[in-house]
Structure formats: C-alpha cells, structure tokens
Amino acid sequence: MGCGDSKPSEPVLEGRAEPNPENPIAEFDTTMGSFKAEIFLDRTPITASNFIDLAQSGFYNGIHFHRVIADFMNQFGCPHAKDPKAQRAGTGGPSDGAFKNLKTGKQERRFNGGCIKDEHTSKDSNAPGSLSMANT
C-alpha cells in the first residue's frame with residue numbers, strides 16, 4: 001500500500017533526447033563507477049526537490065543498493081542499508097520533515113515515514129536507464 005491514492009498509468013512516453021539545461025544533474029559515485037542523471041525538476045518538482053534535499057543532507061551517503069536484479073533494476077535509499085547485510089535493508093525511509101519545492105518555493109512535507117504528495121503531472125515511464133522514486 002502506498003502513501004497516496006493511485007491512478008491508472010498514463011501511456012508511456014519516451015524521454016527527451018536532450019536534457020533540459022535548467023534541470024539539475026545528480027552525480028552518483030558507486031563502487032562500480034560513477035554516473036550522472038538529470039533530475040526532472042521541470043516535470044516532477046515535489047519528487048525532484050525531495051530527492052535533492054535528501055541528497056544535500058547526506059541521507060544517501062554510504063547507503064548500499066539493497067536490491068539488485070540483473071538487467072532490470074537496482075534499488076537504494078533505505079537507511080538500514082548502510083550495512084549491506086542488514087536484515088532490515090529495504091524497510092526504512094527518511095524521517096518526516098519539511099523541504100523546499102525548488103520550482104515553486106513552497107514548503108513541502110515528508111510524512112508517515114518519508115512519504116510525499118503524489119504527482120500525477122508527468123507521463124514519464126520507467127524506461128531502461130531511468131531513475132524512479134517509490135512514494136511509499
């Protein structure tokens with residue numbers, strides 16, 4: 001069960017070929033190398049602002065990928081996964097609190113163990129190579 005109401009998925013739209021120069025770029029450093037990803041502040045401002053706030057606070061530092069399925073997905077973000085062998089890896093989230101919506105300037109909230117308001121504004125999909133954020 002998620003944090004908010006769910007709506008049927010919109011049709012899949014391919015990502016744009018060129019990044020939006022106004023969107024921030026996140027760099028991920030892992031033991032397997034580094035990669036960069038455009039954060040879609042223009043399309044999902046609450047989700048993007050939440051991710052940026054958590055990254056800037058150091059929330060993700062030292063967290064291991066707690067779920068890896070070859071040729072499908074890698075999952076991280078659980079604070080219990082700082083210990084790669086933790087039984088609780090994948091069961092936690094950030095603390096409740098406030099963060100600034102970097103597009104609107106409005107204060108947003110994390111609640112009930114890190115949930116944020118749903119955004120049904122983007123028609124992006126979980127295409128290969130994309131980043132996704134669970135809202136649970």
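1. Two strands pair if DSSP finds at least two bridges between them. By that rule β5 and β6 pair in the antiparallel sense, over four bridges.

2. The model is predicted, so local features need pLDDT of at least 70, side-chain atom pairs count only at pLDDT 80 or more, and totals for chains, interfaces and linings use all residues. Residues are numbered from 1 along each chain as its sequence is written, and side-chain values use heavy atoms, with hydrogens and water left out.

3. Overall layout. The protein chain has one helix and six strands, in the order β-β-α-β-β-β-β along the sequence. Helices (H or I, at least four residues) and strands (E, at least two) are DSSP runs, numbered from the N terminus. Buried residues make up 26% of the 136 residues in the protein chain; buried means under 20% relative accessible area, exposed over 50%, and partly exposed in between (1.4 Å probe, protein chains only). Of the contacts (heavy atoms within 4.5 Å) between residues at least 6 apart in sequence, 36% join residues at least 24 apart.

4. β1 and β2 form a hairpin with two residues between them. The strands run antiparallel, and six bridges join β1 to β2 (residues 33–38). Gly-33 in β2 is the bridge partner of Thr-30.

5. The helix. α1 has 13 residues and reaches 18 Å from its first C-alpha to its last, close to the 18 Å expected at 1.5 Å a residue. The expected span is 1.5 Å times one less than the number of residues. Buried positions in α1 include Pro-45, Ile-46, Ala-48, Asn-50, Ile-52 and Leu-54. The buried residues of the helix pack against β1, β5 and β6 (107–110). After α1 comes Gly-58, with a positive phi near 90°.

6. Ser-49. Where does Ser-49 sit? Ser-49 is in helix α1 (residues 45–57), and it counts as buried because its relative accessibility is 1%. Leaving aside neighbours within four places in sequence, Ser-49 is in contact with Leu-41, Phe-99, Lys-100, Asn-101, Leu-102 and Lys-103.

7. The nonpolar core. A nonpolar core is a set of buried Ala, Val, Leu, Ile, Met, Phe, Trp, Tyr and Cys residues joined through side-chain atoms within 4.5 Å. The largest one has 14 residues, and those with the most contacts inside it are Ala-26, Phe-28, Ile-39, Phe-51, Phe-59 and Tyr-60. β1 and α1 are the elements that give two or more residues to this core. The largest share, four residues, comes from α1. Leaving aside neighbours within four places in sequence, Phe-59 is in contact with Leu-54, Gly-77, Pro-79, Lys-82, Gly-93 and Pro-94.

8. Aromatic pairs. A search of the whole structure finds seven aromatic pairs. The rings of Phe-28 and Phe-51 have their centres 6.0 Å apart and their planes at 35°, so the pair is tilted. Rings of Phe, Tyr and Trp (its six-membered ring) pair if their centres lie within 6.5 Å; planes under 30 degrees apart count as stacked, over 60 as edge-to-face and the rest as tilted. Because Phe-28 lies in strand β1 (residues 25–30) and Phe-51 in helix α1, the pair ties together parts that are 23 residues apart in sequence. Both Phe-28 and Phe-51 are buried. Phe-65 and Phe-76 form an edge-to-face pair, 5.3 Å centre to centre with 70° between the planes. Phe-65 is partly exposed, at 35% relative accessible area, and Phe-76 is partly exposed at 28%. One aromatic cluster is formed by Phe-28, Phe-35, Phe-51, Phe-59, Tyr-60, Phe-65 and Phe-76.

9. Met-73. Met-73 is in strand β4. Not counting residues up to four places away in sequence, Met-73 touches Arg-67 and Val-68. Met-73 and Leu-131 are 58 residues apart in sequence and 9.5 Å apart in space, C-alpha to C-alpha.
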